[in-house]
Amino acid sequence: MANLAASTCLYSWLLVLLLSSVSAIIDEDTQVYIVYMGSLSSRADYIPTSDHMSILQQVTGESSIEGRLVRSYKRSFNGFAARLTESERTLIAEGVVSVFPNKILQLHTTTSWDFMGVKEGKNTKRNLAIESDTIIGVIDTGIWPESKSFSDKGFGPPPKKWKGVCSGGKNFTCNNKLIGARDYTSEGTRDTSGHGTHTASTAAGNAVKDTSFFGIGNGTVRGGVPASRIAAYKVCTDSGCSSEALLSSFDDAIADGVDLITISIGFQFPSIFEDDPIAIGAFHAMAKGILTVSSAGNSGPKPTTVSHVAPWIFTVAASTTNRGFITKVVLGNGKTLAGRSVNAFDMKGKKYPLVYGKSAASSACDAKTAALCAPACLNKSRVKGKILVCGGPSGYKIAKSVGAIAIIDKSPRPDVAFTHHLPASGLKAKDFKSLVSYIESQDSPQAAVLKTETIFNRTSPVIASFSSRGPNTIAVDILKPDITAPGVEILAAFSPNGEPSEDDTRRVKYSVFSGTSMACPHVAGVAAYVKTFYPRWSPSMIQSAIMTTAWPVKAKGRGIASTEFAYGAGHVDPMAALNPGLVYELDKADHIAFLCGMNYTSKTLKIISGDTVKCSKKNKILPRNLNYPSMSAKLSGTDSTFSVTFNRTLTNVGTPNSTYKSKVVAGHGSKLSIKVTPSVLYFKTVNEKQSFSVTVTGSDVDSEVPSSANLIWSDGTHNVRSPIVVYIMVVDEA
């Protein structure tokens, strides 16, 4: 009993200490830690699990520890695994043998493919013969051919269907993995920025073990379809990507025989189809049976910023995975602030003086502007050798020039860790305010910026703040983006000629990046993966399979930033996409009818499709009746009540003699009344088609938030889900 009393006393003291210092503890993400307590007690009345729960309750101050206790070790040794904040970990460590972070010891990728369920090696079903014949065209900044991610060890000759060339320029060699290269920039296809290498390896790179960014994110990097081939098309330079180069690349890629195109390039805001070279190129690709997957853009969370809004383009938003990177700031008073950055610089815990930009203002600027660390606003003598504190990200441009040791800023994107050219940490607004208060209250404020730590076991993925949002301002009845995939802090191959960050002189073969550019090749890899099992499926069938099997996600923010206009159908689920049951099928004629329904002229239709088309009642449909996997309609702002009907057709790709029953699950916004006719679909054979209609009625739709629901067709095995969104919001489209 003495041991038990001592244990209780220890943790009662820890609880008092925790509560007394609660003001110094920040709201930081929890991480799973293993609490090792040594040998099991020999006392007959000792119950390990009860002791573990009691310890957790006392240290966390929570009466219920549901979701905290992950596992108890109680048969051979004593201990438990629990989700703890850093502060809680420190407190528990005072009374146990050791506390150490949970690590995944088996080899893992940038975590994104494992996170999505596509495991390495034999753990994932593969059709390797078809995968090896699958060619992914990457339209980007080129590629670094010497990267291990593109080694052809174990690869046979290119597929017989390949009609491309290796025209990469001087000192550029293709192989049986990287089978083609074309340059449209006069620089050669070699990647000098790293972007194209990163996206290509994310989609289809080989498995490369023991890879990291200066020790961060260590594991096995690989693409979604590592046995497939890659063809690189360089269309971008440091000054941008020209329309003519983009169109030329589509032209060549289609003729070369690629099976799928991934393109992480776009306008800052949506462009009308006839002025968008990617929309035009993708239309031709679709007509030839080639799916184009593209990024949604990085202008979020502002509405109407989503790029690539044509229904024949698969548009991808960016979301988090179960892994993230934090860089802690330890202040002189012991308080710790958890910021975000991919910081590979080790300051070895040494504390340096802090200087707020406002206090280091030069005579050229006022204090308010200097607080943001605007260029030419800081007095070098006041900053040199110190940690610079800035109210915005502009300080990164001048930090080195004024002699700063490190930088801490109020991050405009506190949900994302970025790479910088010196030790850094980006704080949330409330933590930055706390930091400034600390600086202004101290005569000699000091802090240490520690190395980046990896945190696992995040909550369910959320949409990144930078990911562009809808609604679609070109085709207002087509929901965009279509899907979301991992696009935050992705480790992938990189060009040694590129800069990991601006003004960064380090040279690396693998780097960490965030953006919808990183999400796009994830979906391209999934689409290629599905195609390896269904080589004859059309682009629309593959897109439908991925969209209707996606799982629901969350998006932070208010208004449309937190709705389907952020994530479309949901988060991609590669394994479920292999068995969708039913698909929504589209072909070139359907898209022509859609464009006719948008009242496009024959001249405009020819620009987009390349064909001379005359619209008539026979080849014209309402845009909302395009046989798309999602359903969306923009209402008149004057409607207090409304009734909208969507017409759709499903194709059975599951089993014969199937019966699918409809179910409607409410979403957000105003309550909708939804009638599905017929409510049950019977399929006798595979490839049989059945049509239905969805009538949505309601009133008083919120002008700020769309009203939504989900239609699910289920046969007991398959759940074919389509989002339904109606909206009347008037948004600033500038």
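# Close-up views of the predicted model

**View 1. Ala376 sits in the loop that connects helices α9 and α10.** Helices (H or I, at least four residues) and strands (E, at least two) are DSSP runs, numbered from the N terminus. This is a predicted model in which local features need pLDDT of at least 70 and side-chain atom pairs count only at pLDDT 80 or more, while totals for chains, interfaces and linings use all residues. Residues are numbered from 1 along each chain as its sequence is written, and side-chain values use heavy atoms, with hydrogens and water left out. Ala376 has a positive phi of about 65° although it is not a glycine. Cys373, in the loop between α9 (367-371) and α10 (380-383), is not a glycine either and has a positive phi of about 60°. Ala376 is exposed, with a relative accessible area of 63%, whereas Cys373 is buried at 0%. Here buried means under 20% relative accessible area, exposed over 50%, and partly exposed in between (1.4 Å probe, protein chains only).

**View 2. Asp140, His195 and Ser517 carry the feature "active site" in an unreviewed UniProt entry.** These three residues span 378 residues in sequence, yet no two of their C-alpha atoms are more than 10.0 Å apart, so they gather at one spot. UniProt positions are given in the numbering used here, feature names are shortened, and annotations may be inferred rather than shown by experiment. His195 belongs to helix α6 (residues 195-204) and is partly exposed, with a relative accessible area of 26%. Ser517 belongs to helix α12 (residues 516-533) and is buried, at 9%. The side chains of His195 and Asp140 make a polar contact of 2.6 Å, and those of Ser517 and His195 make one of 3.0 Å. A polar contact is a pair of N or O atoms within 3.5 Å; within protein, one must be able to donate a hydrogen and the other to accept it, and residues adjacent in sequence count only if both atoms are side-chain atoms. Leaving aside neighbours within four places in sequence, Ser517 is in contact (heavy atoms within 4.5 Å) with His195, Thr199, Ser264 and Ser295. On the same terms, the contacts of His195 include Thr141, Ser264 and Met518.

**View 3. Helix α16 (residues 588-597) is mostly covered, with 7 of its 10 residues buried.** Among the buried residues are His591, Phe594 and Leu595. The buried residues of α16 pack against α8 (277-287) and α17 (602-609). At the start of α16, a side-chain oxygen of Asp587 comes to within 3.2 Å of the backbone nitrogen of Ala589. Asn599 follows the helix, and its phi is positive, near 65°.

**View 4. Four strands form an open sheet in the order β27-β29-β33-β31, with antiparallel pairing.** β27 (582-584) and β31 (673-677) stand at the edges with a single partner strand each, so one side of each has no neighbour in the sheet. On average, neighbouring strands are turned by 30° against each other, direction ignored. Strands β29 (residues 641-652) and β33 (residues 689-699) pair in the antiparallel sense over 11 bridges; two strands pair if DSSP finds at least two bridges between them. Thr641 has Ser699 of β33 as its bridge partner.

**View 5. Gly470 and Pro471 are joined by a cis peptide bond, with omega about 5°.** Pro471 is in the loop between β22 (462-463) and β23 (483-486). Pro481 also lies in the loop between β22 and β23. A cis peptide bond joins Lys480 to Pro481, with omega about 0°.

Conventions: Axes fitted to C-alpha atoms, helices over the stretch in contact; angles between N-to-C directions.
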